[in-house]
Amino acid sequence: MTSRRGQVRDAHLTLAAPAAGAPAAGSRPVLAAVLVSWCALAWGIAAKDGRYGAWAMAAIGIGVTAATCATWWARPRPRGPAPIGPRPLDARQQAGGGESGGQRLSWALVALTVGLGPLVRHPRYYASGTPAAAADFLAACAGLLAAATIARGASGTLLGRRSTGAAGGQPRRWTAGSTAVFRTVLTLAGAAGVATIRAAPAPRIDVFHLLQVSTVGLVHGADLYRQQWAPDRASYGLDGLFDVYPYLPWTSVLLAPARLLLGDVRYGLLAALAIAAICARRLGAAPGSPGSPGPDGGAAAGAVGLLPLLVVILPESMYALQQSWTEPLLIACLAAMVLAVARGHPRVAVVAFALALASKQHVTLLVPVAAAWPAFGVRRTAVSAGTALLLVAPWLVAGPRDFVDDAVTTNLHYRVLGHSLSVPGWASHFGVTLGFGPALVVLAAAYVLAWRARGDAGGFCLGGALVLLGASLMNKQTFFNHYTLPMGLLVLTAVLLTSPTPTGRYREVVVDPPHRPGGETTG
């Protein structure tokens, strides 16, 4: 099969299915490790609301270790043209077996996490009244419904088990309507989010106020790097940032419609979570499908079909929404980027990555990982970076010193906090101050592993998650929200691992394929 430069070709998703002749269990340790990592990180950040604690730090350590193992086990894309046609099943798959004990255990852990999370911990903080109780109830309903579906799907005929009696040899799926369940859980979670916002109309956290004021300031032409978030400090009444905008400007630009239309930026963050889940859901559907999955959920059914919802229903997700943390914007942009590449829309992918880069500084850590992804490549990564620079340029030109002070210097000069859920925070309890050197070592190791796992969308998501986890683990001030972005990338990885196309192939855009004589490229 041949294709010309820039066209879409069929390329095997190497993390989703083994190469011809390889044991089918080859990808299962990766999936199990990804799911365990997500669950451990979820409980780690929920243990003390994202602050340091012995158990919380231990859970974070388990999560990072599991992600490291998953990246190490991930097999890079084999050299040469991808084989065409469905991959053969091994003897165990043909006999109807499919999942290992470790994988079944990891799915059970996911079900427990999403089911028990809203029941075990639901901090109110600034929320009160009937809307707060409604938010708790709706979040619990969403978690329990998702947990029941995942538990039933994982223990049934999904995840590698095939029914030899099914017509046409097609896999038997739990037909309780995974699409309907997905929509129901997403609706319940969305309603819980709306109730949370109504229950806490003015949370006492600086992030909320700086986003509220800066988004309105955009309409009046105010420079958000020269604004303050209250008339004076006495009326502000918070210990946080008063006249500093610590993000890149497109965080406020993207949230401005929600602020102007609905009065609260958090509606924009809630919408971003829904967009991320829907993009992940479409990512799990067959690439050949022009629209949403079919009535049975397409390639994403049962337990697998609810994996995208993990970006919304993680423990204490409503607490994160109440605090106005902005990671949902980044998760949505990256999910849209991966989906656009998979569907053969590279320009959309470039724009999505550019928006993420123009919204928050630490997304720049993903630039080398994106450049190493053959379907995106160095050229498109450079275009995304250049586009992001153009998007940020108006603020940089208007006040370069103010921009650097707020968006760069402030973040670099943060001091180590003892309640930071990171290694420097943990070390500070023993009187040890870690410099920048250990962080560089951890980041370098993460990049090496990410380079080793490169090759496809799964490699990009998994490698990116590990790099961001390394940065968060070694950061001077790391809390709940910092871990949610790599958790979102782990969810995308799990979706890709469990959702190959019916033919065992996945579509990606080839950026720079090797040329053959005669001007054609391998396909």
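These legends describe the whole protein and then several close-up views of a predicted model. Residues are numbered from 1 along each chain as its sequence is written, and side-chain values use heavy atoms, without hydrogens or water. Because the model is predicted, local features need pLDDT of at least 70 and side-chain atom pairs count only at pLDDT 80 or more, while totals for chains, interfaces and linings use all residues.

**Figure 1. Overview of the protein.** The protein has 21 helices and 4 strands. Helices (H or I, at least four residues) and strands (E, at least two) are DSSP runs, numbered from the N terminus. Of the 523 residues, 56% are buried. Buried means under 20% relative accessible area, exposed over 50%, and partly exposed in between (1.4 Å probe, protein chains only). The protein exposes about 20,900 Å². Carbon and sulfur atoms supply 64% of that area. Areas come from the Shrake-Rupley method with a 1.4 Å probe; for residues, only the protein chains shown count as cover.

**Figure 2. Ser37 in helix α1.** Helix α1 spans residues 28-47 and holds Ser37. Ser37 counts as buried because its relative accessibility is 0%. Setting aside neighbours within four places in sequence, Ser37 contacts Gly63, Ala66, Ala67 and Leu490. Contact means heavy atoms within 4.5 Å.

**Figure 3. The second largest cavity.** The whole structure has 3 cavities of 30 Å³ or more. α21 gives the most, with 6 residues. By class, the lining has 14 nonpolar, 4 polar and 1 charged residues. Ala, Val, Leu, Ile, Met, Phe, Trp, Tyr, Cys and Pro count as nonpolar, Asp, Glu, Lys and Arg as charged, and the others, Gly among them, as polar. A cavity is a set of points, on a 1 Å grid over the protein atoms alone, where a 1.4 Å probe fits but cannot get out; lining residues have an atom within 4 Å of a point. Grid points are joined across faces, edges and corners, and a volume is the space filled by probe spheres set on the points.

Figure 4. Most residues other than glycine have a negative phi. Asp49 has a positive phi of about 60°. Asp49 sits in the loop between α1 and α2 (54-73), and is buried at 8% relative accessible area. Phi of Glu316 is also positive, near 65°. Glu316 lies in the loop between α11 (302-305) and α12, and is buried at 6%.

Technical notes:
1 Å grid on protein atoms, 1.4 Å probe; cavity = no way out; pocket = protein on both sides within 12 Å on 5 of 7 lines; lining within 4 Å.
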